[in-house]
Amino acid sequence: MKVLNVIGTRPQYIKLFPVCRELAGNGYENVIVDTGQHYDETLSQVFLEELDIPGVDYDLDVRSGSHGEQTGRMLAEIEDIVEAESPEAVIVYGDTNSTLAAAIATAKLPPRLTHVESGTRSFNRSMPEELNRVMTDHISDVLYAPTERAVENLANEGITDGVVLTGDVMYDAIQWAREYVAESDDAGVLGDLPIEPGAFVLATVHRPRNTDDGERLRRILTVLDEHPLPVVFPAHPRVRKRITELGLDAELGADFHLIEPVGYLDFVRLLDGAQRVATDSGGAQKEAFMLETPCVTLREETEWDETVECGWNRLVGADPHLIREALSENDERPPRPDPFGDGRAAKRIVAALDDD
Ligand code: UD1
Ligand code: UDP
């Protein structure tokens with residue numbers, strides 16, 4: 001059976017690799033299309049290499065642009081590839097413009113459209129990702145839901161056919177990475193920075209809501225910079241550009257480590273070693289939870305409410321008081337529930353490809 005995967009951004013390489021391993025182990029013919037939405041080496045190539053992803057068959061090199069331009073260019077190219085390859089199924093991942101383009105292209109063609117990370121909702125339709133998720137789910141044939149909450153969200157929108165509760169592929173991914181890092185002698189990025197395990201804050205920001213409004217970005221960086229522990233801030237190019245444009249780097253202290261984006265293994269080392277994570281990333285919120293590092297989410301809402309309800313994640317937006325308070329809370333947390341499954345999501349995803 002031939003399966004075609006479409007990816008294009010940093011988190012999608014990470015969601016793809018457990019599925020690729022499972023496809024390869026079960027004799028599937030596996031075609032990979034990379035839209036090139038992310039093209040900086042630190043956001044793309046590094047993951048292909050470190051996660052041992054088999055060769056990309058089509059690199060569309062679409063790069064950045066307005067939503068319409070970027071999505072439209074991907075859509076036209078993916079349609080041609082799906083027609084030429086005639087796979088039985090197309091797998092799309094997450095909620096980016098690459099996801100939506102591949103979904104629209106496939107939905108009007110014979111292959112089954114299957115969506116990994118289906119049913120997650122922030123209920124904030126001003127986020128492009130929320131629109132991408134809703135549209136993709138409503139045209140998918142098979143909806144791989146990472147959590148029971150995602151199944152409920154789909155049911156609330158009238159979608160029950162084709163829904164498969166799989167668990168979260170990011171849990172599969174991080175279990176592999178955690179073991180790899182634990183067995184490695186290499187301290188990676190932890191050895192390159194003047195930080196001690198358990199005594200630094202890991203922070204990331206890349207959402208338009210936090211980067212486009214300069215005052216909001218300044219507030220977030222200022223309150224992080226005030227923290228008594230060192231802060232490690234691997235900067236997505238979107239926020240790096242804004243920091244440079246606004247001259248904010250000159251305002252940051254010596255203990256604020258504004259660094260290039262790191263690879264996945266280094267990010268896992270940082271997540272695991274941090275005393276706190278402060279982020280607006282969807283993936284990093286979940287990964288912090290999976291590694292039992294308390295998270296402070298720099299957004300007003302999240303798709304991952306399960307992590308908030310049990311006390312391991314706090315939603316603080318860009319309010320300096322709330323950020324400060326959440327960062328200085330004690331470390332004690334109630335036992336964590338296990339909403340993301342058992343780390344065998346990729347197996348269920350691949351097994352369901354064969355179901356009619
Ligand atoms: C995209 C996704 C977002 C996801 C994020 C993961 C959409 C609408 N957004 O956001 O859901 O959380 O990826 O990281 O699909 N840029 C570079 N080099 C690159 C890529 C981007 O410099 O390799 C800069 C460009 O200035 C670009 C900006 O970052 O305009 C935004 O890139 P884009 O891919 O549009 O969105 P992200 O913010 O990366
Ligand atoms: N990540 C990484 N290096 C970094 C920052 C993030 O490898 O410097 C990984 C992280 O482990 C997670 C994913 O990238 O799996 C999250 O991507 P991002 O925050 O860009 O997107 P989102 O999850 O918000 O869509």
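## Helix α10

The expected span of a helix is 1.5 Å times one less than its number of residues. In this predicted model, helix α10 covers residues 214–225 and so has 12 residues. From its first C-alpha to its last, α10 reaches 16 Å, close to the 16 Å expected at 1.5 Å a residue.

The buried residues of α10 are Leu 217, Ile 220, Leu 221, Val 223 and Leu 224. Seen down the axis of α10, these buried residues fall within an arc of 165°, so they line one face of the helix.

## Thr 222

Thr 222 has 14 C-beta neighbours inside 10 Å, so it counts as partly exposed.

Thr 222 and Val 350 are 128 residues apart along the chain, and their C-alpha atoms are separated by 45 Å.

## The shell around ligand 1

There are 19 residues around ligand 1, and those that come nearest are Asp 40, Ser 64, Thr 96, Asn 97 and Pro 237. The elements giving two or more residues to this shell are α1, α5 (128–139) and α11. The largest share, 3 residues, comes from α11.

By class, the shell around ligand 1 divides into 5 nonpolar, 8 polar and 6 charged residues.

## The shell around ligand 2

Ligand 2 has 17 residues around it, of which Pro 234, Pro 261, Phe 267, Ser 281 and Gly 283 come nearest. Two or more residues of this shell come from each of α1 (10–25), α12 (264–273) and α13 (282–290). Helix α13 gives the most, with 4 residues.

The shell around ligand 2 has 8 nonpolar, 7 polar and 2 charged residues.

## The annotated domain

An unreviewed UniProt entry carries the annotation "domain: UDP-N-acetylglucosamine 2-epimerase", which covers residues 27–353. In the model, this span is 44% helix and 14% strand. The end C-alpha atoms of residues 27–353 lie 13 Å apart.

Definitions and conventions:
Residues numbered from 1 in each chain as written. Chains lettered and ligands numbered in written order. Predicted model: local features only at pLDDT ≥ 70, side-chain atom pairs only at ≥ 80, totals over all residues. UniProt positions renumbered as here; feature names shortened; annotations may be inferred. Buried ≥ 20, exposed ≤ 12 C-beta atoms within 10 Å, placed from the backbone. Arc of directions from axis to C-beta. Near = placed C-beta within 6 Å. Nonpolar A, V, L, I, M, F, W, Y, C, P; charged D, E, K, R; others polar.
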